[in-house]
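Here is a set of questions and answers on one structure. Look it over, then work through them in turn.

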Protein chains: 2
Amino acid sequence: VAGAAAREKLAHARLYVLLTAAQCPAALDWTIAEAAAGGVGVVQLREKELPDRDLLERARNVRQWTRRAGVLFVVNDRPEIARLSEADGVHLGQDDLPVKDARRVLGPDALIGVSTHTIEQVRQAVLDGADYIGVGPTFPSKTKAFTDFPGLGFVRAVAAETALPAFALGGIGPENVGQVVAAGGRRVAVSSSVASAADPQRVARMLRAALDG
Amino acid sequence: VAGAAAREKLAHARLYVLLTAAQCPAALDWTIAEAAAGGVGVVQLREKELPDRDLLERARNVRQWTRRAGVLFVVNDRPEIARLSEADGVHLGQDDLPVKDARRVLGPDALIGVSTHTIEQVRQAVLDGADYIGVGPTFPSKTKAFTDFPGLGFVRAVAAETALPAFALGGIGPENVGQVVAAGGRRVAVSSSVASAADPQRVARMLRAALDG
């Protein structure tokens with residue numbers, strides 16, 4: 001039942017935010033509450049530098065804050081941290097554990113997302129039983145360095161390829177989300193444009209207006 | 001039953017080796033076979049730099065090689081990698097997941113070891129239900145940088161404090177293992193002195209002779 005409820009929420013999620021505490025100008029609980037009020041449906045905790053003990057403690061806090069805000073909670077990279085913090089799922093990069101191994105740690109109810117950068121990776125993620133995919137990078141971003149930019153052409157190709165929830169990702173903000181929508185993207189994931197904003201709720205609302213409009 | 005057999009093996013293990021592939025001059029499977037032939041009873045895979053996908057693949061290989069050699073296999077830091085590779089257990093540092101959380105990922109049969117640097121950490125590890133402890137650092141080492149050296153006094157204090165299997169660790173080799181034995185240490189863990197040796201079996205035999213003698 002938890003799995004079905006989470007999948008139902010995911011099916012309706014248009015806006016997904018990756019959070020790193022050091023990137024947020026305010027407290028993480030406030031940022032989560034504001035983002036949720038602005039229409040964010042999924043929060044990913046993305047902490048690459050924390051020792052595991054601190055990461056688990058932060059994940060357990062974020063689990064409480066996201067539950068209160070009524071949004072899905074996904075942990076970056078680490079299925080065992082997702083399990084121990086009772087997150088809704090995990091997000092895996094191409095160098096992280098394969099979906100089937102993460103599934104063995106987390107069980108059938110967990111949401112598993114996969115970052116994809118080519119259409120072959122999209123097909124593999126669908127075959128592996130991913131619940132959603134990240135699609136990018138779309139534009140150059142402050143959060144993560146990439147040398148290749150599959151860009152809007154990739155967003156277009158994914159929209160034609162699969163009905164799996166697909167979040168366009170990478171350098172997306174209110175100024176360019178219209179280009180993603182024009183390319184067929186119906187969902188986006190953002191990091192700094194919401195997390196680092198003085199008014200995360202306002203930025204989230206602007207993004208949602210473009211996606212829903 | 002698997003748990004009981006592994007605990008029985010641990011009770012008899014005197015020599016424990018931490019392996020990082022990049023530190024071994026030869027192939028990891030050869031190093032494991034030679035170390036086992038020289039009297040090593042536990043192999044820990046310690047890879048801090050590998051992406052998770054490669055780490056899991058390596059752990060699965062080491063699981064095969066340690067099974068063939070008849071020695072215990074423990075994964076550094078990561079209980080989910082230990083579980084997915086069917087390792088005998090996990091070794092946790094003070095910044096890694098707490099024992100009880102690692103136990104939730106791995107189940108009751110898994111061996112869980114904890115690095116300890118103070119007598120308070122030793123007492124906590126016993127309370128937490130650790131199966132063994134690492135005790136150190138004993139001497140300056142090439143593998144890991146430390147500023148504090150609890151040294152031989154700590155080995156002596158641990159021997160007086162607990163009957164839990166305790167492996168003295170840090171810069172130990174054939175040239176100084178006698179000092180560890182004189183301080184009451186009955187088990188040692190080594191890294192470069194065996195892993196980087198041209199003849200790992202010979203070095204392991206020398207260490208075993210000092211520990212058994």
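Q: In this predicted model, across which strands does helix α3 (residues 52–69) of chain B lie, and at about what angle does α3(B) run to β2(B)?
A: Helix α3 of chain B lies across two strands of its own chain, β2 (42–45) and β3 (72–76). The angle is given relative to β2(B). Its value is about 170°.

Q: Which strands does helix α7 (residues 151–161) of chain B touch, and what angle does its direction make with that of β6(B)?
A: Helix α7 of chain B packs on the sheet. There it touches β5 (111–116), β6 and β7 of chain B. With the direction of β6(B), the direction of α7(B) makes about 155°.

Q: How many bridges join strand β6 of chain B to strand β7 of chain B, and which residue does Gly134(B) stand opposite?
A: Strand β6 (residues 132–135) and strand β7 (residues 166–169) of chain B run parallel. They are joined by 3 bridges.

Q: In what order do the strands of chain B close into a barrel, and what is the average twist from one strand to the next?
A: In chain B, 8 strands close into a barrel with parallel pairing. The order is β1-β2-β3-β4-β5-β6-β7-β8. From one strand to the next, the twist averages 25°.

Q: What rotation superposes chain B on chain A, and how are the two copies related?
A: The rotation is 180°, with 0.0 Å of shift along its axis and an RMSD of 0.0 Å. The two copies are thus related as by a two-fold rotation axis.

Q: Which residue of chain B comes closest to the rotation axis?
A: The distance is taken at the C-alpha, and the closest approach in chain B is 3.0 Å. The residue is Glu80(B).

Q: Through what surface do the copies meet?
A: Of the interface residues of chain B, 100% are also interface residues in chain A. The copies therefore meet through the same surface.

Q: Where is Pro98(A), and which residues is it in contact with, leaving aside neighbours within four places in sequence?
A: Pro98(A) sits in the loop between β4 (89–92) and α5 (99–106) of chain A. Its C-alpha is 8.4 Å from that of Asp128(A), 30 residues apart along the chain. With those neighbours left aside, the contacts of Pro98(A) are Leu92(A), Arg53(B) and Leu56(B).

Q: Is Cys24(A) buried or exposed?
A: Buried means under 20% relative accessible area. The relative accessibility of Cys24(A) is 9%, so Cys24(A) counts as buried.

Notes:
Residues numbered from 1 in each chain as written. Chains lettered and ligands numbered in written order. Predicted model: local features only at pLDDT ≥ 70, side-chain atom pairs only at ≥ 80, totals over all residues. Heavy atoms only, no water. Least-squares fit on C-alpha atoms with pLDDT ≥ 70 in both. Contact = heavy atoms within 4.5 Å. Pairing = 2+ DSSP bridges. Axes fitted to C-alpha atoms, helices over the stretch in contact; angles between N-to-C directions. Buried < 20%, exposed > 50% of the residue type's maximum accessible area, 1.4 Å probe, protein only.
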